[in-house]
Amino acid sequence: MPRQDPRPAAVDAPMDPDVDLSVPAERGGLTRGQGGVLAAVSVGGAIGASARYAASLHWPVAPGGFPWATLAVNAVGCALIGVLMVLVTEVWTPHRLVRPFLGTGVLGGFTTFSTYTVDIERLLSGGYARTGLAYLALTLLAAVAAVWGAVRVTRRLTRRLTEGRGR
């Protein structure tokens, strides 16, 4: 009986069938042209993370206290992601580095759902279960509402602007 490979067949399939990774010259083709994207994400991430750090310094959290700064950062970041997605997918075609810079870099560095989960763990293990559960639910609601609201408002505003130009 032949031995079966536990991995799915797709694992063995190359990501790009035109690139043979066993050929050194072709390996470089995967990263060619990606330096700008990497730089945009890096610079944007530094800006976003710095802004988030500034928010945490401005609104420190006492032990057992409600992490308002993290909640606000995540809600604001989600709203800005909603605005950005409407603008880059429905309004205009930006430069190829705008989306990695703003979306992945700035807003990815600004929002911090990893801190959110660590905050919940600390609250629960510290004996502040109510605060932790309230924080868990409120952040989820705030994040989803922020994206939804920002998308709706941005679409409405961009429609008004485009209709105003057509008159």
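## Alanine 143 and helix α7

Alanine 143 sits in helix α7, which covers residues 129-166. Helices here are DSSP runs of H or I with at least four residues, strands are E runs of at least two, and both are numbered from the N terminus. Alanine 143 counts as buried because its relative accessibility is 9%. The cut-offs are these: buried is under 20% relative accessible area, exposed is over 50%, and partly exposed lies in between, with a 1.4 Å probe and protein chains only.

Alanine 143 and cysteine 78 are 65 residues apart along the chain, yet their C-alpha atoms are separated by 5.7 Å. Alanine 143 touches Cys78 and Phe113, leaving out residues up to four places away in sequence. Contact means heavy atoms within 4.5 Å.

## The model and its chain

This is a predicted model: local features need pLDDT of at least 70, side-chain atom pairs count only at pLDDT 80 or more, and totals for chains, interfaces and linings use all residues. Residues are numbered from 1 along each chain as its sequence is written, and side-chain values use heavy atoms, with hydrogens and water left out.

The protein chain has 7 helices and 0 strands. Its pattern along the sequence is α-α-α-α-α-α-α. Of its 167 residues, 26% count as buried. Take the contacts between residues at least 6 apart in sequence: 73% of them join residues at least 24 apart.

## Transmembrane regions in the record

An unreviewed UniProt entry places the feature "transmembrane region" at residues 36-54, 66-88, 100-118 and 133-151. UniProt positions follow the numbering used here, feature names are shortened, and annotations may be inferred rather than shown by experiment.

Two of these spans can be described by their ends. Residues 66-88 are 91% helix and 0% strand, and their end C-alpha atoms lie 35 Å apart. Residues 100-118 are 89% helix and 0% strand, with 26 Å between the end C-alpha atoms.

Glycine 108 is in helix α5, residues 98-110. Its relative accessibility is 41%, so glycine 108 counts as partly exposed. Threonine 111 is in the loop between α5 and α6. Threonine 111 has a relative accessible area of 13%, so it is buried. Neighbours within four places aside, threonine 111 contacts Arg52, Val73, Asn74, Gly77 and Cys78.

Buried residues in α5 include Pro100, Gly103, Val106, Leu107, Gly109 and Phe110. Helices α3 and α4 are among the elements that cover the buried residues of α5. Glycine 105 also lies in α5. It counts as buried because its relative accessibility is 0%. Glycine 105 is in contact with Val41, Gly44, Gly45 and Pro100, leaving aside neighbours within four places in sequence. From glycine 105 to valine 37 is 68 residues in sequence and 9.8 Å in space, C-alpha to C-alpha.

## The largest nonpolar core

The largest nonpolar core has 6 residues: Phe66, Leu71, Tyr116, Ile120, Leu123 and Tyr135. Helix α6, residues 113-125, gives the most to this core, with 3 residues. A nonpolar core is a set of buried Ala, Val, Leu, Ile, Met, Phe, Trp, Tyr and Cys residues joined through side-chain atoms within 4.5 Å.

Tyrosine 135 touches Phe66, Pro67, Thr70, Leu71, Tyr116, Asp119, Ile120 and Leu123, not counting residues up to four places away in sequence. Threonine 70 is buried, because its relative accessible area is 13%.

## The largest pocket

The largest pocket has a volume of about 350 Å³. Among its 20 lining residues, Val61, Pro67, Thr70, Thr115 and Asp119 are the closest to its centre. Helices α3 (35-58), α4 (68-91) and α6 each give two or more residues to the lining. A pocket is found on a 1 Å grid over the protein atoms alone, as an open set of points where a 1.4 Å probe fits, with protein on both sides within 12 Å along at least five of seven lines; lining residues have an atom within 4 Å of a point. Grid points are joined across faces, edges and corners, and the volume is the space filled by probe spheres set on the points.

By class, the lining has 11 nonpolar, 6 polar and 3 charged residues. Ala, Val, Leu, Ile, Met, Phe, Trp, Tyr, Cys and Pro count as nonpolar, Asp, Glu, Lys and Arg as charged, and the others, Gly among them, as polar.
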